[in-house]
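Below are questions and answers on one protein model. Please look at the sequence and the coordinates before reading on.

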Amino acid sequence: MSGIEIRQATSDDAERILAFVKELAVYERAEREVTATVEDIRKSLFHNNATTNCVIGSIDNVEVGFAVYFFNYSTWLGRHGLYLEDLYVTPEFRNAGVGKALLKHLAKVAISHNCGRFEWSVLDWNEPAIRFYEGIGAEAQDDWVTYRLAGSALERFAGS
């Protein structure tokens, strides 16, 4: 589809980014887990020392999706990687090419930063996303299990 544009998000986009985050949380059946505020988004994505980036995808000047990413590091490769934290396109604009355009944009960012990897996670029940990712040549990494410390468990462990 023509009219797709990917642009770097700015502080003025914080409210729209949070709206996308909330839509994504509903899709992922975790809407109660979103505690971020517009000010949290501004502080974390747009302050001078921010380590996380966001791009907005539009079709014919209508903002329809976003991607949040950051750079990580592989000791085995001795190079940075690009990690996609969130990718979301509103349901009525799925299959219009915006998701693919967002991923392609980030792949180019990864190449321009000499990254050795471009990685992300997907929920195991999200079959449409899994098919999409496999369709662009991405491969599941079945030999790693993600662990997380968060909230009170993180605080307890840090304080022990």
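Two strands pair if DSSP finds at least two bridges between them. Helices (H or I, at least four residues) and strands (E, at least two) are DSSP runs, numbered from the N terminus. Residues are numbered from 1 along each chain as its sequence is written, and the model is a predicted one, in which local features need pLDDT of at least 70, side-chain atom pairs count only at pLDDT 80 or more, and totals for chains, interfaces and linings use all residues. Side-chain values use heavy atoms, with hydrogens and water left out.

Q: Over how many bridges do β2 and β3 pair, and in which sense?
A: Strand β2 covers residues 52-59 and strand β3 covers residues 62-74. V55 has A67 in β3 as its bridge partner. The two strands are joined over eight bridges, and the sense is antiparallel.

Q: Which residue in the turn between β2 and β3 has a positive phi?
A: β2 and β3 form a hairpin with two residues between them. The positive phi in this turn is about 50°, and the residue is D60.

Q: Which residue in the turn between β3 and β4 has a positive phi?
A: β3 pairs with strand β4 (residues 79-89) in the antiparallel sense over 10 bridges, and N72 stands opposite G81 in β4. Four residues lie between β3 and β4 in their hairpin. In that turn a positive phi of about 65° belongs to G78.

Q: How many disulfides does the count come to?
A: A disulfide is a pair of cysteine sulfur atoms within 2.5 Å. The sulfur of C115 has its closest cysteine sulfur in C54, and the 17 Å between them is too far for a bond. The count of disulfides comes to zero.

Q: Is C54 buried or exposed?
A: Buried means under 20% relative accessible area, exposed over 50%, and partly exposed in between (1.4 Å probe, protein chains only). The relative accessible area of C54 is 2%, and C115, at 7% relative accessibility, also counts as buried. C54 is therefore buried.

Q: How far apart are the end C-alpha atoms of helix α3?
A: The expected span of a helix is 1.5 Å times one less than its number of residues. Helix α3 (residues 98-112) has 15 residues, so it should span 21 Å. The end C-alpha atoms agree with this, at a separation of 21 Å.

Q: What arc do the buried residues of α3 cover around the axis?
A: The buried residues of α3 are V98, G99, L102, L103, L106, V109 and A110. They are on the same side of α3, because the arc (taken from the directions from the helix axis to the C-beta atoms) is only 135°.

Q: Which exposed residues does the face of α3 turned away from its buried side carry?
A: The cover over the buried residues of α3 includes β1 (4-8), β2, β3, β4, β5 (117-120) and α4 (127-135). The face turned away from that buried side carries the exposed residues K108, I111 and S112.

Q: With which side chain does the side chain of Y83 make a polar contact?
A: Y83 lies in strand β4. Contact means heavy atoms within 4.5 Å; not counting residues up to four places away in sequence, Y83 touches V68, Y69, F70, N72, E119, W120 and S121. A polar contact is a pair of N or O atoms within 3.5 Å; within protein, one must be able to donate a hydrogen and the other to accept it, and residues adjacent in sequence count only if both atoms are side-chain atoms. At 2.9 Å, the partner of the Y83 side chain is that of S121.
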